Amino acid sequence: MDLHALIRAEAPVAEQQRALTEPVLTALIDHGVHQMLLPKRYGGAEMGLPEWSRVIQNLSCSDASTGWTAMTTTISSSLAWYLPVAAADEIFGDPRALIAGTAAPIGRGEAADGGYRVSGRWGWGSAVPYSQWVIGGTLTPDGPRLAVYPRADVTIHDTWHVSGLCATGSHEFSVADAFVPAGRTALPGVTPPGTTGSLPRFPFFCFLAAGVASVGLGIARRAVDEIVALAVEKTPQHASKRLAEQAGVQIDVALMEARLSAARAFLDDELSAAWELAEAGSEAPDAVRGRLRLACTFASAEATEVAQKAFAVGGGTSVFTSSALQRCLRDAHVANQHTIVSRRLLETYSMVRFGLGPDTARF
């Protein structure tokens, strides 16, 4: 079965069990989805970020939880570029291993011989239950670091009872007095990368934001496709025309398509511009990063509103669990709650534009 057909077929079961199904996880690994951004040293594709964004959108169109899982595991795999080569070899030497986790520096590490002893509990651990290696942002005596733990050191807590992105397995997780060698820690943009390439030169928070926005755009694409298919078939109660023949619905669908297309084009333009700088060995200035973060926040917000409009146009049909429109609505709203695409970024963009000198350290 085609990968996307499999993902769509398995999505209702994944939703019910709050986890991706084994056939989908196996297929993603078989297709090397988790290796899109890895260095070629580990069998990776070293894919450019504009192309990666489009792949994430397509996967999210088939199922948002699957697209989100692909997004977070591929972003996590980017540590292969930042870690010392010996540590990267240990983690990424297995071509079927997954890595995921949380970047927020919630863990607390104390100095130990050759590394740190860490305790902490993190939230939003998307795909951690599927992974052999787990990232936990940790405050160490040497500053904040992304520390990588073997799955055996990690306890997962069943906390992901949510309205959308149900199958991402984004539970809380913890470690208790776990030893992490210093070599298994890094911080993009602060510690020197272990492997040279375009990706380590790309602004890390822009990278995260582009991933979340890409999932949202994929969800909205599915929502528009679903309402078009429904409109051709459905004649509402007490109506003499199919939805597709009603002028109001025709206008609504046209505007949904236009808004989605505009948001996708804006993100692609700004992501491509920033990626070209990284490929050329240049650092993206605030103006470039600002426009990219604006494009990410705009795309996520527009995707959510498009999904909501599609749900509304579908009428009573949309509310049933058999309709993908209700899942698109819930998934889009949950994705849009991520802090990396917060509306606060609109203020930061404008402050950069006005020359007001905002803090752009996490821009």
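I began with the lining of the second largest pocket. I listed F205, R293, T339, I340, R344, L345, T348, D359, R362 and F363 as its residues. I kept in mind that this is a predicted model.

Next I sorted that lining by residue class. I got four nonpolar, two polar and four charged residues. Among the charged ones I noted R293, R344, D359 and R362.

Which helix gives the most to the lining of this pocket? I found helix α12, residues 344-353, with three lining residues. R344, L345 and T348 are the lining residues in that range.

I then looked up the volume. The second largest pocket holds about 230 Å³ of space.

I turned to the whole chain. I counted twelve helices and seven strands.

How does the radius of gyration fit the chain length of 363 residues? A compact globule with 363 residues would have a radius of gyration near 21 Å, and the chain has 21 Å, so the two agree. I also took the box along the principal axes. The C-alpha atoms fill roughly 75 × 50 × 30 Å.

I checked burial next. Of the 363 residues, 54% count as buried. The accessible surface of the chain comes to about 15600 Å². Carbon and sulfur atoms own 54% of that surface.

Last, I looked at contacts between residues at least 6 apart in sequence. Of these, 72% join residues at least 24 apart.

Conventions. Residues are numbered from 1 along each chain as its sequence is written. This is a predicted model: local features need pLDDT of at least 70, side-chain atom pairs count only at pLDDT 80 or more; totals for chains, interfaces and linings use all residues. Side-chain values use heavy atoms; hydrogens and water are left out. On a 1 Å grid over the protein atoms alone, a cavity is a set of points where a 1.4 Å probe fits but cannot get out, and a pocket is an open set with protein on both sides within 12 Å along at least five of seven lines; lining residues have an atom within 4 Å of a point. Grid points are joined across faces, edges and corners, and a volume is the space filled by probe spheres set on the points. Helices (H or I, at least four residues) and strands (E, at least two) are DSSP runs, numbered from the N terminus. Ala, Val, Leu, Ile, Met, Phe, Trp, Tyr, Cys and Pro count as nonpolar, Asp, Glu, Lys and Arg as charged, and the others, Gly among them, as polar. The radius of gyration is taken over C-alpha atoms; the globule rule is 2.2 Å times the number of residues to the power 0.38. Buried means under 20% relative accessible area, exposed over 50%, partly exposed in between (1.4 Å probe, protein chains only). Contact means heavy atoms within 4.5 Å. Accessible areas come from the Shrake-Rupley method with a 1.4 Å probe; for residues, only the protein chains shown count as cover.
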